[in-house]
Amino acid sequence: MTALLVLILRVALAIALYAFLGRILFTLWQDLKQQGEFLSSQKKPGIHIHAVLENGKDIQQRFVQSEVTIGRDPNCDFPVIDEAVSAHHVRISYHHSQWWLEDLNSTNGTFMGKIQVIVPTVLITSDQFKCGGTTFTILVDMVDEKLLQ
Amino acid sequence: MNKITQSRLLQITAVFLFLQSLIITLSPAARARTWDVEFRFSQWIALGVWGLLVARAHYDITRKLPDADPYLFPAAALISGWGLLTIWRLDTNFGVRQTGSFFISMIVLIAGTRLLTIDFLRRYKYILLTCGMFLVTLTLIFGTNPSGSGPRLWLGYRDFYLQPSEPLKFLLVVFLAAYLADKLPSRLRTIHILYPTIILSGIVILLLIIQRDLGTASIFTALYTIIIYLATGRKRILLAAFFLMAFVGVAGYYFVGIVQARVDSWLNPWNDPSGSSYQIIQSLIAIANGGIVGRGPGLGDPGFIPVALSDFIFAAIAEETGLFGTFGLLAIIGLIITRGLRVALRASDLFRRILAAGITAYFGVQTILIVGGNLRLLPLTGVTLPFVSYGGSSLLTSFIALFVLIHISNHLDIDPAPLPKPQPYLALGAFLSLGLFACALTNGWWSVVRGADLLTRSDNQRRMIEEQFVSRGLILDSTNSIINDNHGEIGSFSRNYKYVDLAPVIGYTDPIYGQAGLEATLDDYLRGIKGNPTSTLWWSNLLYGMNPEGLNVRLSIDLYLQNRTDEMLVGKRGAVVLLNAKTGEILVMASHPTFNPNHFDESGTKLITDPNKPLINRATLGQYPTGSIMQPFIDALYGDESVNDNVLINVFKTFGFYQAPQIQLPVAPALSQDDIDTMRVSPLQMALASAALSNHGVIPAPRIAMAVNTPVEGWVSLPELGKPIEAIQAQAGDDAASSYLVENQTYWQHSGQAQEGESSFTWFIGGTPPNFQATPLAIVVLLEENNLRLAQRIGEELLVDAMHP
């Protein structure tokens, strides 16, 4: 009798120990889930790219994905026909709540005004940059500030 | 969010410790299998202190450090509470002291939460390290040991003791973190930066080696190497440290006695189980006794492990909570390590990062070293298990280090400092996790795979405890009269020998002198290991950690005839065997002088050295020269041929004198056929050969243990061990027996004498005639003196008695 009662308590003891560990796994998993949901619910603003080629021809396109590559290669998200543009010339990507412009080691470089883009640079609406002979103008969608938080 | 997580975890911890304390309270009742016992209440004091202080610390941590890691404190609170209850359960006095240390540790932690920053550690690094080293140096002069002997590593004032090498571990980590964080960005050559640290750490380690605190010295070396590797990311440092350690280890093995002893007892513990390997083997036995589910808090016997409170607390926990408990414990320590490394990676500056990683390494390395030592995975080093082991200095240092870790984790909202090389941190995590994993695997090996082997070792003192708690099976004679039963009640059982004169045959079971005779050979039945259904065994082991009640065994001995025999043999040295010539059942087996096993405690040593050898069962173990007693056997085999050596050897062969009888008793080893000078026969062998003359030439298989009373099938007969042997033609046997028939009597008999040096021996053999209508019998009497008349009188009276019951 006595030993049976103690056995039941011993089982409860083991359950309590593993409840502790289980609880930790549970909260860690919840953290993970929350982070996932937070990231997926994050609204990123779309970006509108307007390119003017050397010959005056202009192309424009709006993107909603978080990464856009520009280059001569037709596989780029935004292909341009310009001999002075490298195959994969620049990448525009959204992270840290900003759109960033990043030169992909292009032959002729990327310039904002007269300054060459060497490190990733933040882009805001109406920023202009130049790859080869093509000039790009950026329009970032307006997004509700609350959603960004 | 953090606050809720931490408080939930602490609630579960409180439930866990509450249950543990409750089980300890009830454990005396579970052991004694009755409610009428003294319950253990004192450990509730520890739980009360724990509850109040942990609640207060939780409140302060969540208020003052709201973003701190919510797992670190509950994990440490759980294992320190677990340790507190285990220590209290082992020894109340040490429990009180440890509760005091816990009190001080938590007060320091609570006071610490009021600190806004820990930068003072960085600023005063030299002062702190110097103070620590100064205290360790003081132990060289004023050192004491609380237990009175052993290495003098403590500073004592009245009843308070401090082991300065414990805080020094933490201070070294602080110093290295602070120094490296100051110097590394200066882009000096790494080696120039390292010079001062090598010198300082070298001095510290040298101090410890002088003190013979080798465990702590190896921890320092490991911590130094790990921290330098973390800070610089140079793999060469690991290699260099490895070779240095290997060199020091090998040199130490050949030149320092204690290193050699430790390593030897690690590599070959089984060679010296009662000496240098005593601790580790007792630890392994305790771990094996825990098995998978453990015996339950308060229900194991970890008190048998030396220093179970501090060095071997892991083994004590393993015995009482089993693999379930230790896996949980190792998982919680693993959690502290992973969270600690996470804190390090997310730390806001280099100082905090190295400090957090160093503290994590301190917890991890020390845990692996001592748990591995307990499990014989590593050589034994006398270090503590952080948070769990007995030891105030260790507990306080662990909690201060934990507090620093918690404090660092509170700055997670600031961006982490840049991390040029993450590999060292990941490597440290992998190394420590692998270490804990290896500990868990080894634990499983000893608990499950090797468990049974370890528990049957003769130096497992738990068998003795079991004898006191589980009633041993009775030994009965052929009419179910009790020969041996038990005194006392659960918890104080001891063997009661009712028929004392049978002691050399039945033997004894004694906590000090072990077992002998039938008590030894029938031990598995008498202990209930054999004969009980597996489910009963399993359930009994689960509930009590012991085997079920022993089973009663019935012998073929007839106490009436036995008593007659013993009366006639009083004061003589000799043996008598009377058996059923057909079935081999032994009705009488007497060996004199006898002894009283009820008084073994007082007389044991004297009996062992007694020149009359009362402990020896002369009937089976005595081997005597044969002399003229061989005549009937020679007649049966050859008729009237003259006796020579070859004839005698042939007779020996034919009547089984060159074979040890197979019976549940220790018997003399078989003699070699080549050696003509040692032609000797035991009384049992002689009785079996005589039986062949009364049984148409067939030697019966001897039997003494007849049946065992099993709970399921009732009395089950125990099979005979040997087989009957057709020694000679039935007619030859009958003729030989007939030619020795006594006039007007229904038995044959022959007596003879043998001489060897100064000693003379008298034999008597006899038996029922070949055509006897009732139970055929055979008898042998041997006296270690020249006394034909007595031998004849004993033999004839017994034969007559046995034939006419």
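What share of the 805 residues in chain B is buried? Buried residues make up 50% of chain B. A residue is buried if 20 or more other C-beta atoms lie within 10 Å of its own, exposed if 12 or fewer, and partly exposed in between, with C-beta atoms placed from the backbone.

This is a predicted model, in which local features need pLDDT of at least 70, side-chain atom pairs count only at pLDDT 80 or more, and totals for chains, interfaces and linings use all residues. Residues are numbered from 1 along each chain as its sequence is written, while chains are lettered from A and ligands numbered from 1 in the order in which they are written.

**Stop 1: chain A**

Select chain A. It has two helices and eleven strands. Helices (H or I, at least four residues) and strands (E, at least two) are DSSP runs, numbered from the N terminus. Follow the sequence and you read α-β-β-β-β-β-β-β-β-β-β-β-α. The radius of gyration of chain A is 26 Å, well over the 15 Å that the globule rule gives for 149 residues, so chain A is more spread out than a compact globule. The radius is taken over C-alpha atoms, and the globule rule is 2.2 Å times the number of residues to the power 0.38. Along the principal axes, the C-alpha atoms fill a box of roughly 95 × 30 × 25 Å. Of the 149 residues, 19% count as buried.

**Stop 2: where the chains touch**

Show both chains. The contact takes 20 residues from chain A and 29 residues from chain B. Two residues are in contact if their C-beta atoms, placed from the backbone, lie within 7 Å. Color the chain A side by class: 16 nonpolar, two polar and two charged residues touch chain B. Here Ala, Val, Leu, Ile, Met, Phe, Trp, Tyr, Cys and Pro count as nonpolar, Asp, Glu, Lys and Arg as charged, and the others, Gly among them, as polar.

**Stop 3: chain B as a whole**

Chain B holds 30 helices and 19 strands. Its radius of gyration is 36 Å, well over the 28 Å that the globule rule gives for 805 residues, so chain B is more spread out than a compact globule. Its C-alpha trace spans about 115 × 55 × 45 Å along the principal axes. Among contacts in chain B between residues at least 6 apart in sequence, 68% join residues at least 24 apart.

**Stop 4: two helix pairs**

Two packed helices are described by the angle between their axes and the distance between the axes. Axes are lines fitted to C-alpha atoms, for helices over the stretch in contact, and angles run from 0 to 180 degrees between N-to-C directions.

Select residues 125-142 and 190-210 of chain B. These are helix 6 and helix 8, whose axes come within 10 Å and cross at roughly 20 degrees. That makes helix 6 of chain B roughly parallel to helix 8 of chain B. Angles under 35 degrees count as roughly parallel, over 145 as roughly antiparallel, 65 to 115 as roughly perpendicular and the rest as oblique. On helix 6, look for L129(B), M133(B), V136(B), T137(B) and L140(B); on helix 8, for L200(B), V204(B), L207(B) and I210(B). This contact has eight nonpolar, one polar and no charged residues.

Now select 313-345 and 423-449 of chain B. The axes of helix 13 and helix 16 come within 10 Å and cross at roughly 180 degrees. That makes helix 13 of chain B roughly antiparallel to helix 16 of chain B. Their contact has 15 nonpolar, nine polar and no charged residues.

**Stop 5: I287(B)**

Find I287(B) in helix 12 (residues 278-290) of chain B. Is I287(B) buried or exposed? It counts as buried, with 32 C-beta neighbours inside 10 Å. Beyond neighbours within four places in sequence, I287(B) is in contact with residues including A315(B), N443(B) and W446(B). A315(B) is 28 residues away along the chain, with 5.6 Å between the two C-alpha atoms.

**Stop 6**

Most residues other than glycine have a negative phi, and most peptide bonds are trans. Select R33(B). This non-glycine residue has a positive phi of about 60 degrees. R33(B) sits in the loop between helix 1 (2-32) and helix 2 (43-64) of chain B. Jump to K613(B), a residue other than glycine, where phi is positive and near 50 degrees. K613(B) is partly exposed, with 17 other C-beta atoms within 10 Å. Last, select H592(B) and P593(B): the peptide bond from the former to the latter is cis, with omega near 0 degrees. P593(B) lies in the loop between strand 10 and helix 24 (600-609) of chain B.
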